[in-house]
Amino acid sequence: MSILIKNGHIITSDEDYIADVFIEGETVSMIGKNLSVKADKTIDATGKLVMPGGIDPHVHLDMPFMGTFSSDNYETGTGAALFGGTTMVIDFVLQTQGKSLYNALEAWQGRSNGKALCDYSFHMAVTDFNDSTKAEISKMVNDEGITSFKTFMAYKGALMIDDRQMIGLMQEVKKQEGMVTVHATNGDVIDFLVAKHRAEGKLAPIYHYLSQPEITESEASGRFADMAYYTGVPAYIVHTTCEGALNQIRTAARRNQKVYSETCVQYLILDASLYEQNFEGAKWVMSPPLREKKDQAALWSGINQGSVQVVATDHCPFTWEQKLMGKDDFSKIPNGHPGIETRMELLFSEGVNKGKISQNKYVEVTSTNAAKIFGMFPKKGCIAVGSDADIIIFDPNEEHILSAKTHHMNIDYSAYEGWKVKGKVKSVIMRGQLAIENNVLKVQKGYGKFVKRNKVNGII
Ligand code: URP
Ligand code: ZN
Ligand code: ZN
């Protein structure tokens, strides 16, 4: 199969030019003006942007969590990703405390093998660091191509590790040339506030927000960065939401430390006022919670200053029926919100089309930086000869409305119902195959492959 994309406006993280792209098999084989080659399929991209497919390094598919499972499985979640212009996701394998890392890996392989539509990889969440899990780290890196290790500083009793385990894990991951990533919030302080609010009969969704004040995130981000500094391990903070946490990341950068930071679209464009309604606010119960307008401004600046390198989703959908598990108690609302399908269009609309970020920055934070940070560049994250042909053709001007009626995620509401978006994914090419055309899915379940990643080399 060969595809010729004609006359597109090619945007990468550092270039912007008009040319043709010729794809043979799974990779890009030629880029140039007026290419005269015969192709099985020709796409006229005149007036359209041609950009690297999105890489979303923070999703939770079919994940057991808070007594239920996130509602998108590997088939529905990766299909929705493709509709939204994302051609690769990185999911989190969660170790069960008391069991091995391999035990968890096998469970995730069982839920994903042969089911994905786009490419995917795993971060390994270490929830119980001890001598036997320590011995598995080098196997994950060298045999499985899993080079990033997720930690939780919250969710005590299920996922949280203490600082003794954290420092031990960091030393081992540093030795194996991997990276430690973190959900950085102070679990003990949050648990104290949750218990206090419940004891006072304060049970509405807004108390989820009030149980996780900014300080719980800034304190944990700083503590994590300090431990990473001491051990020298490359570090990455997932879902950064607030100015206080960002300032800790800036402090780390001032001492020339590599602490990468990710935010998610929802933290850039939604705010905590959404919790000021009755149970409806449960749609946005996620951890950390939505913050204030001043935090949105700080995050946009963080992106432009290079302190925030990635914009992901933390896609973790729960249906309305699942959210109702917490109708009488906010602490039982499954935490998470849907976003895998809307990230690329929302960020373009709110970021590029409203003048907050450039087109090159858009590509950097939606694709290239994730590929570089997580050991996949230049196979993924760029449009270059020899790279995987993961490409989106995007109309920067087409307007449309987001709705649960038209999205492809397996969830019965949209976190952005009725939002008017300017910018639309028109075609998606996934490893050389036309995956989306005219809003129709063209690849089969199982086309998506597991991507083994390289050791972390800190190239950005
Ligand atoms: O609320 C969230 N973010 N749910 C998914 C788990 C996590 O903390 O990322
Ligand atoms: Zn988290
Ligand atoms: Zn998450």
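Buried means under 20% relative accessible area, exposed over 50%, and partly exposed in between, with a 1.4 Å probe and protein chains only. Histidine 58, with a relative accessible area of 0%, is therefore buried.

The model is predicted: local features need pLDDT of at least 70, side-chain atom pairs count only at pLDDT 80 or more, and totals for chains, interfaces and linings use all residues. Residues are numbered from 1 along each chain as its sequence is written, chains are lettered from A and ligands numbered from 1 in the order in which they are written, and side-chain values use heavy atoms, with hydrogens and water left out.

**View 1. The zinc ion (ligand 3) is held by His58, His60 and Asp314.**
Donors are N, O and S atoms within 2.8 Å of the metal (3.2 Å for Na, K and Ca); water is not among the atoms, so sites may look incomplete. His58 and His60 each coordinate through NE2, and Asp314 through OD, at 2.0 to 2.2 Å. Along the chain, the donors of this zinc ion (ligand 3) follow the spacing H-x1-H-x253-D. The 4 donor atoms around the zinc ion (ligand 3) subtend angles of 84 to 133°, so the arrangement is irregular. Histidine 58 sits in strand β6, and aspartate 314 in the loop between β15 and α11 (320-323); the pair links parts of the chain 256 residues apart. Four donors count as tetrahedral if all angles lie between 85 and 135 degrees; four count as square planar and six as octahedral if opposite donors are over 155 degrees apart and all others between 65 and 115; anything else is irregular. Helices (H or I, at least four residues) and strands (E, at least two) are DSSP runs, numbered from the N terminus. Aspartate 314 has 9% relative accessibility and so counts as buried.

Histidine 183 belongs to strand β12 (residues 179-183) and histidine 239 to the loop between β13 (235-237) and α8 (243-254), so the pair ties together parts 56 residues apart in sequence. Both histidine 183 and histidine 239 are buried. The zinc ion (ligand 2) and the zinc ion (ligand 3) are 3.8 Å apart.

**View 2. An open sheet has 8 strands with parallel pairing.**
The strand order is β6-β9-β10-β11-β12-β13-β14-β15. Two strands pair if DSSP finds at least two bridges between them. The edge strands, β6 (54-59) and β15 (310-312), each pair on one side only. Neighbouring strands are turned by 30° against each other on average, direction ignored. Axes are lines fitted to C-alpha atoms, for helices over the stretch in contact, and angles run from 0 to 180 degrees between N-to-C directions. Between β9 (residues 86-94) and β10 (residues 119-125), which run parallel, there are 7 bridges. Valine 89 has tyrosine 120 in β10 as its bridge partner. Helix α12 (residues 343-352) packs on the sheet and touches β6, β9 and β15; its direction makes about 110° with that of β6. Contact means heavy atoms within 4.5 Å.

**View 3. Strand β14 (residues 259-264) is largely enclosed by the rest of the structure, because 6 of its 6 residues are buried.**
On one side lie Val259, Ser261 and Thr263, and on the other Tyr260, Glu262 and Cys264; both faces are covered. Strand β13 runs parallel to β14, joined by 3 bridges. Valine 259 in β14 stands opposite alanine 235.

**View 4. Isoleucine 373 is found in helix α13 (residues 359-373).**
At 2% relative accessibility, isoleucine 373 counts as buried. Leaving aside neighbours within four places in sequence, isoleucine 373 contacts Met179, Tyr236, Tyr260, Gln309, Val310, Val456 and Ile460. Isoleucine 373 and valine 310 are 63 residues apart in sequence, and 9.4 Å apart in space, C-alpha to C-alpha.

**View 5. The count comes to 0 disulfides.**
A disulfide is a pair of cysteine sulfur atoms within 2.5 Å. The sulfur of cysteine 242 is 13 Å from the closest cysteine sulfur, in cysteine 264, too far for a bond. Cysteine 316 is in no disulfide either; the nearest cysteine sulfur, in cysteine 264, is 11 Å away. Cysteine 242 is buried, at a relative accessible area of 0%, and cysteine 316 is buried at 3%.
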